[in-house]
Amino acid sequence: MLTTTLPPMRPELAVCPNSACDASRPIGVHSLKERRYKCHACGKTFAETSGTPLFGLKHALWLVLVVLALLASGCPVPAIVFAFGLDERTVADWQRKAGQHAKVVQEHLVCQGAVDLGQVQADELYTKTQAGPVWIATAITVFSRLWLWGTISWERDTALIQPVIAQVRAAAQPGRPILFAVDGFKAYVTCILKVFRDPQHTGKRGRPPLVVWDDLHIVQVVKQRVGRRLVSITRRLAHGCQERADAIMQETQINLGCINTAYIERLNATLRTWMPALVRRTRTPSGARLQLEAALFWTGCVYNFCHVHATLAGTPAMAADLTDHVWSIDELIRYRRRRE
């Protein structure tokens, strides 16, 4: 049901935009009519939307929230333009700002070394843009279905995979076992073994050697096809111990079976459904790489914090213990990191 009523003001979630403020005192409501807060530490007032992508927009906030919700659910931009009488450039600008904000949220809440990864699956998908074909690499942790990161590149090479693995490392709890299930692309093994290592201090002079994490295991799932028909699937251990890899798989997969890449493939299928530019044979390809990246992060962040997964009875972020409730689009777009 469409509503034009704004949610109540929540000063406990507000953050003073004054960088010189120590924020030691709580923030209160200054004006309900103008929707402004007041910081009791520095005495300054500020708009409810300060520091968020909503600040300075000329349209009604309820309309912006509805459009952002539709963009994250796969509604094509031409349909939004037709339904609400908006300019296509306005909708693209809102999506770009929301995507940049979602990338910050992902870094602040997911990639902070607090996720017990268990089994991680990574894969790439291919799409065409008006600027040419691009590759998108993504990674997911299987148990919580949490989307970890995504990158876009013109080529399917190490430069595409390296940033994803680096952010997976940033999200991982140190010392916990990790199983990577990837396809046969050799860049995965190279990047994982390069990123997941720490210096081993021996007391000797000189730079300490870098040692790969003890409980790290990599299994490549290689699919052989003849045309579009799947002929065979081969699983090969690229690093670690097969027994430990099987044990981690059994601990993290709800539906037991064998090590596979089915979960990341389902996520990529979801992304293709929710991002019109990724639909095969689409008439609305993405206009630019940056716009596609904004759509990817906005869609992925909504998936993590706002979308209730049928098998989890909650969102992936709740399953990963990153939050205790389902976020609304309004809460996600207004998120601001508190200063320590």
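Two strands pair if DSSP finds at least two bridges between them, and strands themselves are DSSP runs of E with at least two residues, while helices are runs of H or I with at least four, both numbered from the N terminus. What you're looking at is a predicted model, where local features need pLDDT of at least 70, side-chain atom pairs count only at pLDDT 80 or more, and totals for chains, interfaces and linings use all residues. Residues are numbered from 1 along each chain as its sequence is written, and side-chain values use heavy atoms, with hydrogens and water left out.

Let's start at strand β4, residues 118–129. Ten of its twelve residues are buried, meaning under 20% relative accessible area with a 1.4 Å probe and protein chains only. On β4's parallel partner, β7 (residues 178–182), you'll find four bridges to β4; glutamine 119 has leucine 179 of β7 as its bridge partner. Strand β5 (residues 132–141) runs antiparallel to β4, and ten bridges join the two. Here aspartate 123 is partnered with threonine 138 of β5.

The structure holds one cavity of 30 Å³ or more, a cavity being a set of points on a 1 Å grid over the protein atoms alone where a 1.4 Å probe fits but cannot get out. The largest cavity has a volume of about 50 Å³, counted as the space filled by probe spheres set on the points, which are joined across faces, edges and corners. Its lining, residues with an atom within 4 Å of a point, includes Pro53, Trp94 and Ile333. Helix α3 (88–110) and α1 (61–72) each give two or more residues to that lining, and α3 gives the most, with three.

Definitions and conventions:
1 Å grid on protein atoms, 1.4 Å probe; cavity = no way out; pocket = protein on both sides within 12 Å on 5 of 7 lines; lining within 4 Å. Buried < 20%, exposed > 50% of the residue type's maximum accessible area, 1.4 Å probe, protein only.
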